[in-house]
Amino acid sequence: MYDPIVEPYPKSYQQYPNSYWANSIEKFPETTSLVNDIQADIAIIGAGYTGLSSAYHLAKKYGKSVVVIDANEPGWGCSGRNAGFVLPGTGRLSLFDMENKWGEATAQGVFHEYMTSIDTVNDLIEQGNIDCDKTAGGYLKLAHKRTKVETLRKQADKLRERYGESVKFICSQDVSNSFLRSGNMYGGIYFDKSFAVNPMKLVLGYYEMASKAGVKVFSNSPVKKWQQKSNHHCLYTQNGRVTAEKVIIATNGYTGTKMHKLVNHRHFPVLSSIIVTRPLTDSELSSIGLKTGLMAMDTRRMKYYYRLLPDNRILFGGRGAIQGKNADKPIIKKRLLDGLKNTFPVLSTVEVEHFWSGWVSATYDNYPRINHSDDKGIYYSMGYCGSGLAFSTLAGKRLAQSICEPESLPDLPFWQSQLPKFPFAQFRRAGLGAYYAFASLRD
Ligand SMILES: Cc1cc2nc3c(=O)[nH]c(=O)nc-3n(C[C@H](O)[C@H](O)[C@H](O)COP(=O)(O)OP(=O)(O)OC[C@H]3O[C@@H](n4cnc5c(N)ncnc54)[C@H](O)[C@@H]3O)c2cc1C
């Protein structure tokens, strides 16, 4: 598997992973690669949610000419292979972490931005009439130990005071009566605005909306060389070139080693993996009591996340391998299956029918940035730390605003500083191995 810590860019003509989502698409759009020289106001590298949402907003709202180039097909990165949780958040900072770091008012502004990101996905689904199997059901963040329950209760109380009934604490008893029955999950925070989607159908919907708005999207055209001139940029692919006044880097966890100094060594690509089971039987379903459409994640350092799919299979995800070359090893699949059986012991004989992995982008200080170079016309948004479906959609819109209407951006930390560099970046992987060992002991 492509490994962004050691390779400069993803090679072209790589298949989508053999995921449940890719198998759900009857006909993928026919795309073309870049084979000539082309000019645009703005060139965007990466055709996932970030790139396609910014392209759509730049073309539709601000009338810009936009070219998007991807190393593979649209949605080949994380956007076509995630779990489809439309979440009220990004990064890894809790509400209390944010209050300690930025103060109450800013933390509140950030949380408001998270809720706005869910609305933004909803708006685009409506505007584009995207059929992405949207399923209401809400999101439950669950304590995996009794000792974690009190912290979640305090967070829920605080959030509810500000955001009303759409956020509430659910005690252990109510979790098993109304949401799911598990041997090792306790109380949690429930967000009823969250919903689930088929992430591949969503990204292909964004692709269609951007194309209809006049954006030119080229597939199988990795950017291999970048020349920065005084007032424009040239991006070179195998057989073509894009010249543009501004460039947006929208490559998140798939950003290779030599993208640009604004982002190099400033994020850490980490693998997350997913298994999908066969459809559960009626008796298995009634034993686990998992509410249709519910998305759940636990409070482990190495989190598990899961949902019941519309055809009664369980999707179950968690940490992947450390290196790309080990992403598909059976041990990774087994670890997830063990996690699933531990969560729902009654599923001890369930078979797995799909297994795949993708790169999420972690940052040194656990939250993403939507930022730009001071004078060179280079913009980026990345570092969603594994929760970027909703936020990257909004980030795309914010990137368009920051180019065309910067005064309209809310005053938030995402665009007040650059992504910080990882100290000792070459040792990130060794550090991750040590962290996984420590975290599994603590969990
Ligand atoms: C297993 C898994 C489960 C997840 N589940 C969830 C979830 O349920 N909810 C949630 O909120 N988030 C989830 N995420 C995270 C979420 O999917 C991402 O945050 C989001 O998709 C990021 O979108 P993006 O457009 O920024 O990047 P991507 O979709 O990753 O797109 C980046 C693109 O850049 C392209 N690229 C890279 N380098 C070059 C180059 N040199 N030239 C041209 N193109 C290039 C790649 O080909 C790729 O298509 C999950 C991630 C994984 C891996």
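## Cysteines

Cysteine 404 is partly exposed, with a relative accessible area of 25%, whereas cysteine 385 is buried at 12%. Here buried means under 20% relative accessible area, exposed over 50%, and partly exposed in between, with a 1.4 Å probe and protein chains only.

There are zero disulfides in the structure, a disulfide being a pair of cysteine sulfur atoms within 2.5 Å. For cysteine 385 the closest cysteine sulfur belongs to cysteine 78, and because the two sulfurs are 12 Å apart, they are too far for a bond.

## Basis of the model

The model is predicted; local features need pLDDT of at least 70 and side-chain atom pairs pLDDT 80 or more, while totals for chains, interfaces and linings use all residues. Residues are numbered from 1 along each chain as its sequence is written, and side-chain values use heavy atoms, without hydrogens and water.

Around the ligand are 36 residues, of which Thr50, Asp70, Ser79, Val223 and Leu389 come nearest; a residue counts if one of its heavy atoms lies within 4 Å. The shell divides into 20 nonpolar, 14 polar and two charged residues, with Gly counted as polar, and Tyr and Cys as nonpolar.

Polar contacts are pairs of N or O atoms within 3.5 Å. An N or O atom in the side chain of threonine 50 is 2.7 Å from a ligand oxygen. Backbone atoms also take part: a polar one of glycine 386 is 3.2 Å from a ligand nitrogen, and an N or O of glycine 388 is 3.0 Å from a ligand oxygen.

Key:
A polar contact is a pair of N or O atoms within 3.5 Å; within protein, one must be able to donate a hydrogen and the other to accept it, and residues adjacent in sequence count only if both atoms are side-chain atoms.
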